[in-house]
Amino acid sequence: MAGMRQGPAPIRVLALRTMTERPLVRSTVRTYIAVGANLGDAQAHVHAALHALETVGSVQAVSHLYRTAPHEAIGPDYVNAVACVDTAHNAVTLLRHLQALEAAAGRQRSTVNAPRTLDLDVLLFGRASVWSPTLTIPHPRMWTRAFVLYPLRDVAPHLVGDAHLAQVAGQPITQL
Ligand code: ADP
Ligand code: MG
């Protein structure tokens, strides 16, 4: 009968559906996230943050906790750790989620390097290089900070060699 479609759907309709369907498997990127705190019960804040990172991806490994004196900063000693997380977020969205976790932990943004209840920094995001006003990856100061390199070596020994640690030998750090 005139006007009635016969047979299978036109190929262009099938192609459109294929393009708009969500993929069954979302690819993930391996990221390393630095966790730090030096206000309130800093150790508890770091433990809570390491658990909260499950909301941004699949946590593959967490480092030991470390205590360090403030580096280029003031205030009480810091507690630091690093987590390895496989995430489906892109780097910008990941940072937004991390900042929400900081805010939920009571983080106040006052001055640069001010004491904080929680600091979450993206150290590495796969092999990505990002350079924008709000996000730089790899984190520009990660290789000069003992409080990053020691915990990073726990979860990624292939990334941190003895030569890296020698560069930060003057920065006292204690494993908790
Ligand atoms: P810091 O961690 O350097 O002590 P903040 O936590 O206050 O300082 O972050 C300051 C700004 O640094 C954030 O608003 C964020 O946009 C920016 N930033 C740039 N690169 C990164 C990164 N790799 N991880 C986290 N924050 C970053
Ligand atoms: Mg930060």
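**Close-up views of the predicted model**

**View 1. The surroundings of ligand 1.** In this predicted model, ligand 1 is surrounded by 11 residues, the closest being Asp-121, Val-122, Thr-134, Thr-136 and His-139 (a residue is near a molecule if its C-beta atom, placed from the backbone, lies within 6 Å of it). Two elements give two or more residues to this shell: strand S5 (119–125) and strand S7 (136–137). Strand S5 gives the most, with three residues. Helices (H or I, at least four residues) and strands (E, at least two) are DSSP runs, numbered from the N terminus.

View 2. Around ligand 1 you will find four nonpolar, four polar and three charged residues. Here Ala, Val, Leu, Ile, Met, Phe, Trp, Tyr, Cys and Pro count as nonpolar, Asp, Glu, Lys and Arg as charged, and the others, Gly among them, as polar.

**View 3. Helix H4 and its buried residues.** Helix H4 spans residues 146–155, and eight of its 10 residues are buried, so the rest of the structure largely encloses it (buried: 20 or more other C-beta atoms, placed from the backbone, within 10 Å of the residue's own). The buried residues of H4 include Phe-147, Leu-149, Tyr-150 and Leu-152.

**View 4. The protein around these sites.** The protein has five helices and eight strands, running α-β-α-β-β-β-α-β-β-β-α-α-β from the N terminus on. Of its 176 residues, 31% count as buried.

**Notes.** Residues are numbered from 1 along each chain as its sequence is written, while chains are lettered from A and ligands numbered from 1 in the order in which they are written. Local features of this predicted model need pLDDT of at least 70, side-chain atom pairs count only at pLDDT 80 or more, and totals for chains, interfaces and linings use all residues.

Definitions and conventions. Buried ≥ 20, exposed ≤ 12 C-beta atoms within 10 Å, placed from the backbone.
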